[in-house]
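Subject: Structure for you to look at

Hello,

Please read them with the coordinates open.

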Amino acid sequence: MLLYIHFPFCRSKCAYCDFTSYANCGEALVFSYLTALNREIAFASERFAHSRIDTVYLGGGTPSLLSPKQIEGLFAKLRKSFPDYAPVEVTAEVNPESATSDVLAAFRDAGVDRISMGVQSFSDDNLRAVGRIHTAAEARAAIKRIDQLFDNFSLDLILGLPYDTPELIREEAREAAGSAPHVSAYELTLEEGTALFAAAEEGRVWLPSDDEVADYLDIVTDTLEEQGLMRYEVSNFALPGRECKHNSGYWTREEYVGLGAGAHSLIKTDAKGEKLPNEIRFASPRDLNAYIGGVNCVSAFDDVPRAEMSVLSADEIRAERIMLGLRTRDGIPEELLSGRDLSRVEKFTVREGGRIRLTRDGLSVMNSVLTEII
Ligand SMILES: C[S@@+](CC[C@H](N)C(=O)[O-])C[C@H]1O[C@@H](n2cnc3c(N)ncnc32)[C@H](O)[C@@H]1O
Ligand code: SF4
């Protein structure tokens with residue numbers, strides 16, 4: 001089982017971001033949130049007493065805003081609640097301006113063995129344009145601090161920011177690959193309701209076209225692979241053996257339990273560890289008061305109010321296995337596609353050892369290929 005824990009607080013809200021994250025919240029709210037989160041951890045440890053935790057991912061928001069004491073407390077709670085706690089990978093997400101040596105050391109001492117930091121861009125113009133509160137120099141200094149304490153870490157880049165050019169993208173990819181064993185390069189998603197969406201609608205900001213962004217992803221892929229970071233998922237690149245185990249588990253549809261506001265779960269087993277007749281997917285409320293109130297007024301994991309819940313049919317599960325698997329270098333077993341007409345997408349696929357995956361051109365037009373197949 002994969003365990004995801006969400007910390008939804010940020011120092012300020014970035015213009016593109018639609019994740020469950022809130023800026024300028026007081027200490028009291030953070031305290032109430034952590035209290036509810038501890039309660040939900042205790043519920044989960046009863047509900048999943050028969051499952052082993054394979055990986056942990058503490059995401060945000062900005063988990064590096066936690067104090068060393070809060071970090072210690074959170075992981076002590078996990079250790080105490082799950083007696084067999086021995087995950088093979090524990091990741092924490094951090095931001096450059098709050099990834100201080102103290103916070104990083106607290107993560108390491110608490111058992112975190114992988115850090116993922118959002119750099120987004122090494123251009124100060126880009127960082128300013130999307131409301132990041134750090135400079136490129138501060139990101140570089142944070143990378144040095146991480147490198148001193150962690151062997152395994154990842155940097156996030158966003159492609160398609162206002163000041164991107166092919167030259168800048170090549171330089172950024174070169175610098176990221178020279179600094180870290182793992183890089184995630186996400187194409188910018190313009191999310192409705194964000195400040196960047198409004199600015200683009202009103203013509204206050206210029207953004208590269210979809211074709212330009214697709215070219216950027218090509219440049220990044222070439223540059224990272226030249227430096228030995230191989231593409232193992234559409235947006236993820238790693239030195240051999242440094243692939244993220246937690247995220248890889250999402251793409252192979254392992255059971256995952258998400259704790260905290262806005263966190264998603266995919267549940268396959270009952271409280272005795274037996275397979276459920278149907279897989280269930282749900283999310284917790286994104287709203288902090290709804291989440292905190294919801295957790296505080298129940299006494300078991302299955303009673304926590306959820307924002308979305310669906311019982312998955314066999315067809316839905318098969319479609320998900322195809323959609324998620326084809327994002328990855330490993331692809332999917334060929335039999336998942338038996339009975340489907342693949343003639344129009346054949347040229348975008350490779351068959352090998354009973355599996356089928358997308359070619360590099362196939363990954364570039366992945367959404368059209370998936371629409372055709374599914
Ligand atoms: C959940 S966020 C949290 C990371 C961390 N708080 C930070 O900002 O560095 C994880 C990553 O998602 C990516 N991301 C967030 N919003 C995005 C968007 N609208 N389009 C593309 N990537 C996005 C960013 O690269 C970010 O680092
Ligand atoms: S990108 Fe990261 S720091 Fe910025 S608002 Fe989203 S979660 Fe917070």
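The domain assignment of the protein chain gives two entries, domain 1 (2-248) and domain 2 (316-373); the bounds come from an automatic or database domain assignment. This is a predicted model, in which local features need pLDDT of at least 70 and side-chain atom pairs count only at pLDDT 80 or more, while totals for chains, interfaces and linings use all residues. Residues are numbered from 1 along each chain as its sequence is written, and chains are lettered from A and ligands numbered from 1 in the order in which they are written.

The centres of domain 1 and domain 2, over C-alpha atoms, are 28 Å apart. Five residues from domain 1 and six residues from domain 2 make the contact (C-beta atoms, placed from the backbone, within 7 Å). On the domain 1 side, strand β9 (residues 230-233) gives the largest share, three residues. By class, that side has three nonpolar, no polar and two charged residues. Here Ala, Val, Leu, Ile, Met, Phe, Trp, Tyr, Cys and Pro count as nonpolar, Asp, Glu, Lys and Arg as charged, and the others, Gly among them, as polar.

The protein chain holds 13 helices and 17 strands, which are DSSP runs numbered from the N terminus (helices H or I, at least four residues; strands E, at least two). Its C-alpha atoms fill a box of roughly 55 × 50 × 40 Å along the principal axes.

Helix α5 (residues 136-149) has 14 residues and should span 20 Å, and its end C-alpha atoms are 20 Å apart, which agrees; the expected span is 1.5 Å times one less than the number of residues. Its buried residues are A136, A139, A142, I143, R145 and I146. Among the elements that cover them are α3 (101-109), β6 (114-120) and α6 (166-179).

V90 lies in strand β5 (residues 89-94). V90 is buried because 22 other C-beta atoms lie within 10 Å. Leaving out residues up to four places away in sequence, V90 touches V56, G111, V112, D113 and R114.

Around ligand 2 are C10, K13, C14, C17, F19, S21, G60, G61, T62, N95 and G118 (C-beta atom, placed from the backbone, within 6 Å). That shell divides into four nonpolar, six polar and one charged.

Regards

Methods
A residue is buried if 20 or more other C-beta atoms lie within 10 Å of its own, exposed if 12 or fewer, and partly exposed in between; C-beta atoms are placed from the backbone. Two residues are in contact if their C-beta atoms, placed from the backbone, lie within 7 Å.
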